[in-house]
Amino acid sequence: MTFTLFLQQVLNGLLDGVYYLLIALGLSLIFSLGGIVNLAHGAFYAIGAYLTIVLSPYIGFGGSFVVSPVAVALLGVLIERVLFTRFYRTDPIYSLLLTFGLAMVAEQALRMIFGAPPLSYSIPPALRGQVFIGDFIYSYYRSMLLVVAVACIAGLWFLLQKTAFGRVVRAGVQNPDMVGALGISLQPYMSAVAALGIGLAGLAGVLLAPIYSVHPAMGAEIITPAFVVVVIGGLGSFWGVVVAAVLVGLVKGLMVAVGYSAGSTAAIYLLMFLVLLFRPRGLFGERITRFE
Amino acid sequence: MTVKDHLSRRGLLKGAAGTALVAGLGMPAIVRAQSDVIRFGHLTPRTGFLGPLGEYAVMAADLAVEEINAAGGILGRKVEILKEDSVNPQTASTKAERMVERDKVTCIVGEISSASCLTIAQVAQRTKTLFVNTGGNSDALRGKDCKRFMFHVESQNSMYVKSVGRSFMQEGLVKGKKWYSLTADYAFGHDLLSVAKRFMEANGGEFAGDDLVPTDATDFSAYLIKIRSASPDLVVLNLAGAQITNFLKQYAEFGLTFPIGGFGFDTALAWAAGKGNFVGTWPVVWHHLLETPGSKAFTEGFVKKYGKPPENQAWGDYIALKIIAQSMNELKSTESLQLVEHWEKGAKFDVLKTREGYFRDFDHQLMHEMYAVTALPADKVENQWDIFTSSGPVPGPDEPLDAIAATREENACTFPA
């Protein structure tokens, strides 16, 4: 393998991880603040993708790019208000059961409405094409996707680190009782975080619908690697999740590049195993007293 | 995910127990009435990466049973079909056992995964119950793993490779050429790859590269970069299920233009890739554009009932049930062993093609015509279904039907006693 080819694979691997990132960030946020392991997170991703296909004929890809994530976020708030809110203070196994059930209901509902075969959907003509830099090739659509993902990460970071809203959320992650004692109700923040996290999953669905196959089980497909990213990155750590996503993409890509593609999925679990062995809290995991 | 499996199994057990209780208490009348019907078991993956194809199998099975009953049933009795999701090889085996022992089905039909076919076949052989495989392709099922009580309506991998291989030879893509293959990393893919390599060796071509793809892979960018740098004469896919759709979408996305084709294929996946993304030449056992009267009637009936055309997997389950019903009526018996002997003697059936089909006695493979379909250019596509053109039947009219199947020497089968 030539050096340029290897370099191209490294670059591709780094970018590949970004797709998990949008899912993993939401998972991490919702778990950190509410203590809910949201197994239904993949379902929201799938709903985002299906909504895009349903809405595109009317409002185009651009329209559904805005409308679908918002609709998914609103659905998220509804579920947070009606269901999640009852499980914030219970044993996590209950919320695990709840979200597992939700994921199954959602997948089966999609199967009943749209059928099991994948639906057809393509990249909008304006976003087709490739980017060539010397001998490097990359798809134009994926570069756009990267820009959107980086903008989301930057926006989320700003929101959590630099605003009053973010300060309350971060305090709530560490010590919800103290936040309550200071006279701040966490309830609206919980809803907002659910909207953000679930909306991001919906956005990932919109962005990936043109290049992945859209079928009812697509949520179950992406949720496992997303969890691996969260675990490697460490709970409660924003940059941990970002670094882990990129690392997971890189490891997978390089396994394919060097000819061990059969082990590319196994490799990310091995990576998780090694990280947990040496850093049980994940790469950048913070100490969260109530989860220890 | 282990947690998921564990939870779902427990949930399923509870649900099943509850249903059984209600059924037992509440509806004795139905239970009595059931002694008058002939029961078939239908197992096929409804979830997972083969689920989309399983759905067509189930729709076709329902249609076939409806037609069989409308025509008077079997020996004057109505046919009832028990359909379940086979999930994975272990679950498939458990469910097959329950269907035979508790529900007293006369035979089992279905399946798509070669691995699950094998576990169902083991149950069928042990209980001496007929199993007709409608979707498992691996040569091993007709070779070292063959069973006397298992028959195959689905073509074996060798037939897929040799039928589309002819198209590749005609286009000059074999002799002295380099192929790059991507292969699904499980029984079906491994089997297909070895048949494909045998084909290339015999015909003077070689492999520029071959990668195994984990069955849960969704992103192919790293593979596409490798393919581009290898610049092969033909890209060959030995993938299955939604992965084919994913690959085709991303192949178009990266703008690669090497000729492409594959040895494993289903029309539903081409429909999902959509016009423009769907490219290449592929083998099928059947497709909805066939002009024979039988195929036209089947397609019409299917469209009328479900509002969309059937794909190749639908043909398999439909024709299997039709053949079973026809043979049972002819034999005036529902005994598995009698059917096995009848078919081994070379009974012929209408399989909706230009020639009648029959099961080969030494490996129980259905001998029938296959087709190679080629994607239409995007500007020639008129609707979302008719997106390809078809070769004539393979083998051609003046060749024997077994011309494309593995020979006895290539794939030896000794039925266990």
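## Chain B: annotation and domains

In an unreviewed UniProt entry, residues 38-375 of chain B are listed as "domain: Leucine-binding protein". In this predicted model, that stretch comes out as 44% helix and 19% strand, and its end C-alpha atoms sit 42 Å apart.

Where they meet, domain 1 of chain B puts in 27 residues and domain 2 of chain B puts in 30 residues.

## The nonpolar cores

The largest nonpolar core holds 112 residues. Those with the most contacts inside it are Phe40(B), Trp179(B), Leu182(B), Phe247(B), Phe278(B), Trp315(B) and Trp343(B). Helix α12 (residues 312-331) of chain B gives this core its largest share, ten residues. Both domain 1 and domain 2 of chain B supply residues to the core, so it lies between them.

Leaving out residues up to four places away in sequence, Phe247(B) touches Leu182(B), Phe220(B), Leu224(B) and Ile227(B), along with Val235(B), Leu237(B), Leu239(B) and Ile260(B). One of these partners, Leu182(B), is also on the list of residues with the most contacts inside the core.

There is a second, separate core of 82 residues, and it includes Ala24(A), Phe31(A), Phe44(A) and Ala201(A).

## Chain A overall

On to chain A, which has eleven helices and two strands. Following the sequence, the elements run α-α-α-α-β-β-α-α-α-α-α-α-α. The radius of gyration of chain A is 19 Å, close to the 19 Å that the globule rule gives for 292 residues, so chain A is as compact as a globular protein of that length. Its C-alpha trace spans about 60 × 50 × 35 Å along the principal axes of chain A.

Of the 292 residues in chain A, 54% are buried. If you take the contacts in chain A with a separation of 6 or more, 75% of them join residues 24 or more positions apart. The accessible surface of chain A is about 12,200 Å², and carbon and sulfur atoms account for 73% of that.

## Annotated segments of chain A

An unreviewed UniProt entry marks residues 17-36, 66-84, 96-119, 139-160, 192-214, 226-250 and 257-278 of chain A as "transmembrane region". Two of these segments can be set beside the model. Residues 192-214 of chain A are 74% helix and 0% strand, with the end C-alpha atoms 28 Å apart. Residues 257-278 of chain A come to 73% helix and 0% strand, with 27 Å between the end C-alpha atoms.

## Two residues up close

Glu107(A) belongs to helix α4 (residues 92-114) of chain A. With a relative accessible area of 18%, Glu107(A) is buried, because the cut-off for that label is under 20%. Its contacts, not counting residues up to four places away in sequence, are Pro216(A), Ala217(A) and Ala220(A).

Gly236(A) is in the loop between α9 (218-233) and α10 (238-257) of chain A. Its relative accessible area is 26%, so Gly236(A) counts as partly exposed. Although 48 residues separate Gly236(A) from Phe284(A) in sequence, the two are 8.6 Å apart in space, C-alpha to C-alpha.

Methods: Residues are numbered from 1 along each chain as its sequence is written. Chains are lettered from A and ligands numbered from 1 in the order in which they are written. This is a predicted model: local features need pLDDT of at least 70, side-chain atom pairs count only at pLDDT 80 or more; totals for chains, interfaces and linings use all residues. Side-chain values use heavy atoms; hydrogens and water are left out. Helices (H or I, at least four residues) and strands (E, at least two) are DSSP runs, numbered from the N terminus. Buried means under 20% relative accessible area, exposed over 50%, partly exposed in between (1.4 Å probe, protein chains only). Contact means heavy atoms within 4.5 Å. A nonpolar core is a set of buried Ala, Val, Leu, Ile, Met, Phe, Trp, Tyr and Cys residues joined through side-chain atoms within 4.5 Å. Domain bounds come from an automatic or database domain assignment. The radius of gyration is taken over C-alpha atoms; the globule rule is 2.2 Å times the number of residues to the power 0.38. Accessible areas come from the Shrake-Rupley method with a 1.4 Å probe; for residues, only the protein chains shown count as cover. UniProt positions are given in the numbering used here, feature names are shortened, and annotations may be inferred rather than shown by experiment.
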